[in-house]
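Student: Could we go through this structure together, working from its core to its pocket and then to individual side chains?

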Amino acid sequence: MEDMQTAFDALKEERDYQDALWGPTETRGDHNNLEMLTYIRSYAEQGLEALSRKADVVAQPESQHIMRKIGALAVAAMQQNGVVRRDSTDIDRAEERRAQGK
């Protein structure tokens, strides 16, 4: 399993790629959450299609590329439309629930 920093680095590289690919446009490349979720759903469907129809040796690497794209699109959506942070007390509650077996 990869560490979190490696995953974050891959997302940063993908965001840099997205910005270089789409560059400045009339809309500055900004999209609302509906548009971003539509793009994410489209990539998710591509990943599911690959995983259900291609040999695993081909589908797994392809789906990992798609996961990177989806993650970077989610980051772009937060950059463009705002970030809602997780309340730190949620972590404590989650740990309590796990300890209780829920």
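Predicted model: local features only at pLDDT ≥ 70, side-chain atom pairs only at ≥ 80, totals over all residues.

Tutor: Residues are numbered from 1 along each chain as its sequence is written, and side-chain values use heavy atoms, with hydrogens and water left out.

Student: Which residues does Ile40 contact, leaving aside its neighbours within four places in sequence?

Tutor: Ile40 is a member of the largest nonpolar core. Contact means heavy atoms within 4.5 Å. With neighbours within four places in sequence set aside, the partners of Ile40 are Ile70, Leu73 and Ala74.

Student: Which helix gives the most to the lining of the second largest pocket, and with how many residues?

Tutor: On a 1 Å grid over the protein atoms alone, a pocket is an open set of points where a 1.4 Å probe fits, with protein on both sides within 12 Å along at least five of seven lines, and lining residues have an atom within 4 Å of a point. Ala7, Ala10, Leu11, Gln64, His65, Met67, Arg68 and Gly71 line the second largest pocket, which holds about 170 Å³ of space. At least two lining residues are supplied by each of α1 (4-22) and α3. The most come from α3, with five residues.

Student: How many charged residues are in that lining?

Tutor: Asp, Glu, Lys and Arg count as charged, Ala, Val, Leu, Ile, Met, Phe, Trp, Tyr, Cys and Pro as nonpolar, and the others, Gly among them, as polar. The lining of the second largest pocket has four nonpolar and three polar residues, and the number of charged residues is one.

Student: Why is Arg15 counted as buried rather than exposed?

Tutor: Arg15 belongs to helix α1. Buried means under 20% relative accessible area, exposed over 50%, and partly exposed in between (1.4 Å probe, protein chains only). Arg15 is therefore classed as buried, because its relative accessible area is 11%.

Student: What distance separates the side chains of Arg15 and Gln79 in their polar contact?

Tutor: Beyond its neighbours within four places in sequence, Arg15 is in contact with Ala72, Val75, Ala76 and Gln79. A polar contact is a pair of N or O atoms within 3.5 Å; within protein, one must be able to donate a hydrogen and the other to accept it, and residues adjacent in sequence count only if both atoms are side-chain atoms. For the side chains of Arg15 and Gln79, the polar contact is 2.7 Å.

Student: Which residue's backbone oxygen lies 2.9 Å from a polar atom of the Ser63 side chain?

Tutor: Ser63 is placed in helix α3 and is buried, with a relative accessible area of 7%. Its side chain has a polar atom 2.9 Å from the backbone oxygen of Gln60.

Student: How far apart are the C-alpha atoms of Gln60 and Gly47?

Tutor: Gln60 is in helix α3 and is partly exposed, at a relative accessible area of 36%. Gln60 and Gly47 are 13 residues apart along the chain, and their C-alpha atoms are separated by 9.0 Å.

Note on methods
Core = buried A, V, L, I, M, F, W, Y, C linked by side-chain atoms within 4.5 Å. Points joined across faces, edges and corners; volume = space filled by probe spheres on them. Helix = DSSP H or I, 4+ residues; strand = E, 2+ residues; numbered from the N terminus.
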